[in-house]
Amino acid sequence: MPGAVRSLRFRLVAGFGLIAAVSALGTGALTFREARTGVLQQSQDTVVNQFRDSVDALTPGIPPQPGQAELSSLVDDLATTHRSQHWRVLATYGSLRAGSQPGDRFPELSAELRRSVRTRKVAVFQRVHIGGASSLVVGLPVVHGTGDDERVGSGLAFYLVVPQTTEQRYVTALVGAVERAALPALCLAVLLALFVSRGVLRPVRALRQATRRMAAGHLDTRLNVNGSDELADLSAAFNETAVALERSVSELRRMEAQARRFAADVSHELRTPLAAMSAVTDVLDEEAAGLEQGTAEAVRLISEETERLVRLVNDLMEISRFDAGAAELHLDEIDLAESVRRTLAARGWGEGVELRLPGPGDLRAAVDPRRFDVVVANLVGNALRHGAPPVTVTLERAAEPPGARLVVADHGPGIAPEALSQVFERFYKASSARTRSESSGLGLAITAENVRLHGGTVRARNAAGGGAVFTVELPERPAGARSGEDT
């Protein structure tokens, strides 16, 4: 649900709906105000004019000092004449009062209205609300004379109260009409928003799908460019970017393939002369005892460097097979503990290595024996060269995830924290002083490739008490796994 609320479609529909609601309500409010003002103004003018005309018609028959009977007669005539309009009339003269309805105290008459009638020579009016009902109150003083300066108040005043029920019904009907008009306008705006959002979101969805396809490696993905708006410009820009990216990636892949072929070809071509050089150095090693000291040292140096070069070429050949995807697993179910012992014995690493292995036959797994031998040899050899004894090799069964766990630890200075994430990179050496060391810088990279080939993981860390710790976890394979499985 939160994702739907944040979607572009929801925001478009909500925006259109909000604009429609505000527009409909604003227009309705303005229309209502103007219509209400016009209706009330027209009704007010009509009533005031009728009241003035009716009073003016009765004025010639009013004595200069009317009594109670004359006042009562006047208000009865006015009320009877406008019975259909429900007029309530009050006449005052001095302390005398006469109303069209006996006992009517005229609560609508305010002190301010009475004061205005006494002090002014024209009709005054106001609208009042009492008990939820709206009424128009008009006060009209009776004056003598014609000009404004000559007009003199007679002391006689008439008050009229007219209920505005008809006007109120009209205003209520107008409010209902505005409300009924707002709902269709809002629905129309939502439908319009859905229609517009569909047209806007179609190229956006196409762009999203194309981006995902490109992220998945389909660099030939292109968008159809329709129209000349901003979305069409965006699609065209995407296509241009895709073309440039495809061209760049193709060039990088071509250069990478050339580099891989070059390394593989060079390594392959070096194997034959290196084999001959190894044979010669073997003969020279046998004769070194009878040579002069300087010559013997030179022979031993040539022999060591030739052996180092042979290892480097073999490592490069192995790396090139991984890069070319030609590395294969030849699985066999073996006793891992016995395999570890054979690896160390074959290289003469019995001294300085402490073994913590399960009993014979307690831990068997389907692995590639040659590649597992390389993993163990590279990790133990790395610990012996760059760590400090004793080197401990621990092999145990892992519960989560199920499989086998190999841990090789030393008691040396450990690995620099900034180098922990790079120790499995090719040709990486943690110390610049080791650029001419016996190691080629490919051993741990080959180890990581072999572990990944088995579907396992390898990681490096520093122990709390000092020293580097390498942990290999190999997943458990089906009991029937045998040789011949490829990557």
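Two strands pair if DSSP finds at least two bridges between them. Helices (H or I, at least four residues) and strands (E, at least two) are themselves DSSP runs, numbered from the N terminus. With those terms in hand, we can walk through this chain.

This is a predicted model, in which local features need pLDDT of at least 70 and side-chain atom pairs count only at pLDDT 80 or more, while totals for chains, interfaces and linings use all residues. Residues are numbered from 1 along each chain as its sequence is written, and side-chain values use heavy atoms, with hydrogens and water left out.

## The whole chain

The chain's secondary structure consists of ten helices and twelve strands. Of its 487 residues, 36% count as buried; buried means under 20% relative accessible area, exposed means over 50%, and partly exposed lies in between (1.4 Å probe, protein chains only). Taking a contact as heavy atoms within 4.5 Å, residues 24 or more positions apart account for 63% of the contacts with a separation of 6 or more. The chain exposes about 28,600 Å², and carbon and sulfur atoms supply 56% of that area. Accessible areas come from the Shrake-Rupley method with a 1.4 Å probe, and for residues only the protein chains shown count as cover.

## A sheet with an enclosed strand

Now look for an open sheet of five strands, in the order S7-S9-S10-S12-S11, with mixed pairing. Strand S7 (353–356) and strand S11 (457–462) are the edge strands, since each pairs on one side only. From one strand to the next, the twist averages 15 degrees; axes here are lines fitted to C-alpha atoms (for helices over the stretch in contact), and angles run from 0 to 180 degrees between N-to-C directions.

Strand S10 (residues 403–409) has seven of its seven residues buried, so it is largely enclosed by the rest of the structure. What joins S10 to strand S9 (residues 391–398)? Seven bridges do, and the two strands run antiparallel. S9 and S10 form a hairpin with four residues between them, and Arg397 stands opposite Ala404 in S10. S10 also pairs with strand S12 (residues 468–475), again in the antiparallel sense over seven bridges. Leu406 has Val472 in S12 as its bridge partner, and Ala409 has Val469.

## Charged pairs

Side chains of opposite charge can pair when their charged atoms come close. A salt bridge is a side-chain nitrogen of Lys or Arg within 4 Å of a carboxyl oxygen of Asp or Glu, and the structure holds twelve of them. Three are listed here.

| Salt bridge | N to O distance |
|---|---|
| Glu246 and Arg222 | 2.7 Å |
| Arg342 and Glu338 | 3.5 Å |
| Asp368 and Arg371 | 3.7 Å |

Glu246 lies in helix H6 (residues 230–287) and Arg222 in the loop between H5 and H6, so this pair ties together parts that are 24 residues apart in sequence. Arg342 and Glu338 both lie in helix H8 (residues 336–346), four residues apart, about one turn of the helix.

Are Asp368 and Arg371 buried or exposed? Asp368 is buried, because its relative accessibility is 4%, and Arg371 counts as buried at 4%. Elsewhere, salt bridges that share partners join Glu396, Arg405, Arg459 and Glu473 into one network.
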